[in-house]
Each structure stands twice: as C-alpha cells, then as structure tokens.
Amino acid sequence: MPKSKKKNQGEHILEKVINNSKINWFPGHMLKATREIKEKMKLVDIILEIRDARAPMASGNPDLKNTIGQKRRLIVVNKTNLADPDKTQLWEKWFEQNEENFVFINSLDVNSLKKIQAKAKSMLPDKKSAIRLMMVGLPNTGKSTIINRMAGRNAAKSGNKPGLTQNQQWIRLGQDFELLDTPGVMPRNIEDENEGLWLCAIHAIRDEILGEEEVACFIIGHLLKEKSPFLEQKYNLKGFNYSVGEAIHEITLFRNFLRKGGLPDYDRIYTVILSDFRSGDLGPCTFEVPAL
C-alpha cells in the first residue's frame, strides 16, 4: 500500500521521534495556554478536565495534576456514546476506587450534562455565589460542545479539528456557574506508542502527525483483534482471518474506491475509515482497560 503524502506542518512546533516510540507535539498556542492556565487558576473554584471515554487515562494530561496543585479537579469523561459500555463501567469503578471526583457523560445528551453541575455543587456545598470553573483537556475531547450545550447557545467554537479553541473566554452558565474556557492542552511527550495511536484514533492529535494511513491501519488492526461485528458488517468482511493489509484491500474493493486503471485508491479509504470510526459507525470502542 502506498504511503500517505506528508501534510504541511509548518504552523506547529513539531517533533516526531519514531525510533524511540515517542511523539512530541506541542503547538505554540497550547504552550501559551499552559502558561495562562497557571496564571488564571486563582480565579476559579474547580478545574474541569475533559477526557475521552475511549481512552480515559491516555486522554488525561499527566502534567495537569502538578500544574493545578491543590485546586479542586473534576474529571469529566466524555463521549460515552462512542465507548464500550462494559469497559466504561470498569473505568467508573476504577475512578471510584481511586477516590477521584469524576462523571462520565455524553455531551450530546442534555440530561447527561447535568451530572457536571450536580457534581460541582456537591464539591462546594457551602458556596453561595456562582461557582467559577475552568475547562481544560486534550484537543477534540468535546470541550466546546459541552460549553455550548450547557450555555444553551453557541458560546464557544466547536468542530472536528483538534485545537480549534484558541483563546480564553468567560462564559455565563445560568445563575450558578461561570466558566473560563481554555484551549486544549497536550502533553509534550507521549512515551508509549500505543497511547499515541489511541490519541490519533480519537483525533486528539492531528492526522498529519502520523499520517492517515498509519492511524487507519491501526484502527482496522485493533477491530480485527477485537473481532468487532460492526467492522464485519460495515465493510462486508467474511470473518476476521485477515491481515491488516488484506482487510484494507477488501474494504477498498467493497467501497469500489478505484483509481484510473482499476488500481485501489487506498488514500481515499484511509480517510473513510477514520471518519467511520470517529462517528461511531464501526461500533463502540475503548482502547484501554483499568487494572482493578
């Protein structure tokens, strides 16, 4: 299969180290955001750290706990609608055992979002004035969607490109809450190659960092290993006894993605696989399981 074309990376401070299984990716606006978070923490009562339920630990920021110090933190694990429900229950048990303040939500469900407000109030039961929140998290974990749904209006930019929120802003959420939105904050170093691939798969890292081919092949390999019936049904595969390359080839032919001369258009199928996975069309998926 042909290698994907390299994308333009000039606008980012970018280092990719493959031989050490390490990904360094820290766009300039995120570096600035980290400094601003430290400066603005004294203005808020609770830090909301938004994570992705498909990778509840990998989508957390290992540096955040040290950054916020003794400030109260509420871990909001979003996108449960895209995660394996059985593994989500295991993660809920893990967070409870580790005495973390947490809620698992689907930001597309208004009732689910009420968990954030209820938990925040329980953390500050004697607070009489509005509770001031700061929202942080990796790119594309759904921060802007959560803000807009809680505010009942388009109060923050949202989209499917990581790092869309660029500036900090205060947003009023009714009478009880004020929220300081911040850009997504990415760890400087991802030491584990699998974690980097998980974050690429859930689109917390831009596709051009590793390339669509590598991420799409990883997703197919993972779903083959998990024997996902959604993968089989979506692409009309005959079981799971395929190599990744064979499966990609069969999917490309099934979708009739052909170049001139009848050659398979692999680049096009990589894009489709990523879109199908991220929209949930390939079924619920959770990459990591807690040690209970």
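**Around Arg278**

Leaving aside neighbours within four places in sequence, Arg278 is in contact with Arg54, Leu82, Cys200, Ala201, Ile202, His203, Asp207 and Val215. Contact here means heavy atoms within 4.5 Å.

Before I go on, the ground rules. This is a predicted model, so local features need pLDDT of at least 70, side-chain atom pairs count only at pLDDT 80 or more, and totals for chains, interfaces and linings use all residues. Residues are numbered from 1 along each chain as its sequence is written, and side-chain values use heavy atoms, with hydrogens and water left out.

Back to Arg278. It lies in helix 11. Helices (H or I, at least four residues) and strands (E, at least two) are DSSP runs, numbered from the N terminus. Is Arg278 buried or exposed? It is buried, with a relative accessible area of 18%. Buried means under 20% relative accessible area, exposed means over 50%, and partly exposed is in between, with a 1.4 Å probe and protein chains only.

Ile273 counts as buried, at 0% relative accessibility. Not counting residues up to four places away in sequence, Ile273 touches Ala216, Ile219, Ile220, Tyr235, Ile248 and Leu282. Take Glu212 as well: Ile273 and Glu212 are 61 residues apart in sequence, yet 9.3 Å apart in space, C-alpha to C-alpha.

That brings us to helix 8. Eleven of its 14 residues are buried, so helix 8 is largely enclosed by the rest of the structure. Among the buried ones are Glu212, Glu213, Val215, Ala216, Ile219 and Ile220. What do the buried residues of helix 8 pack against? Helix 6 (193-201), helix 7 (207-210), helix 9 (229-235), helix 10 (244-254) and helix 11.

Now the geometry. Helix 8 covers residues 212-225, and at 1.5 Å a residue its 14 residues should span 20 Å; the end C-alpha atoms are 20 Å apart, which agrees. The expected span is 1.5 Å times one less than the number of residues. Lys227 follows helix 8, with a positive phi near 55°.

**Helix 3**

Next, helix 3. Which of its residues are buried? Lys87, Thr88, Trp91, Trp94 and Phe95. They cover an arc of only 115° around the axis, which puts them on the same side of helix 3. The arc is that of the directions from the helix axis to the C-beta atoms. The cover over these buried residues includes strand 3 (46-52), strand 4 (72-78) and strand 5 (102-104). On the face turned away from the buried side, look for the exposed residues Pro85, Asp86, Gln89 and Glu96.

Look at the start of helix 3. There, a side-chain oxygen of Asp84 reaches to within 2.9 Å of the backbone nitrogen of Asp86.

Lys79 sits in the loop between strand 4 and helix 3. It is not a glycine, but its phi is positive, about 70°. Lys79 counts as buried, at 15% relative accessibility. Glu99 is in the loop between helix 3 and strand 5. Its phi is also positive, near 55°, in a residue other than glycine. Glu99 is exposed, with a relative accessible area of 74%.

**The whole chain**

Zoom out. The chain has eleven helices and nine strands. Of its 292 residues, 52% are buried. Among contacts between residues at least 6 apart in sequence, 67% join residues at least 24 apart.

Last, confidence. pLDDT is the predictor's confidence in each residue, from 0 to 100. The chain's mean is 84, and 81% of its residues reach 70 or more. Residues 2-21 stay under 50, and the model has 35 contacts for them beyond four places in sequence. Residues 161-166 also stay under 50, with 22 such contacts.

Note on methods. Polar contact = N/O pair within 3.5 Å; in protein donor to acceptor, adjacent residues only side chain to side chain.
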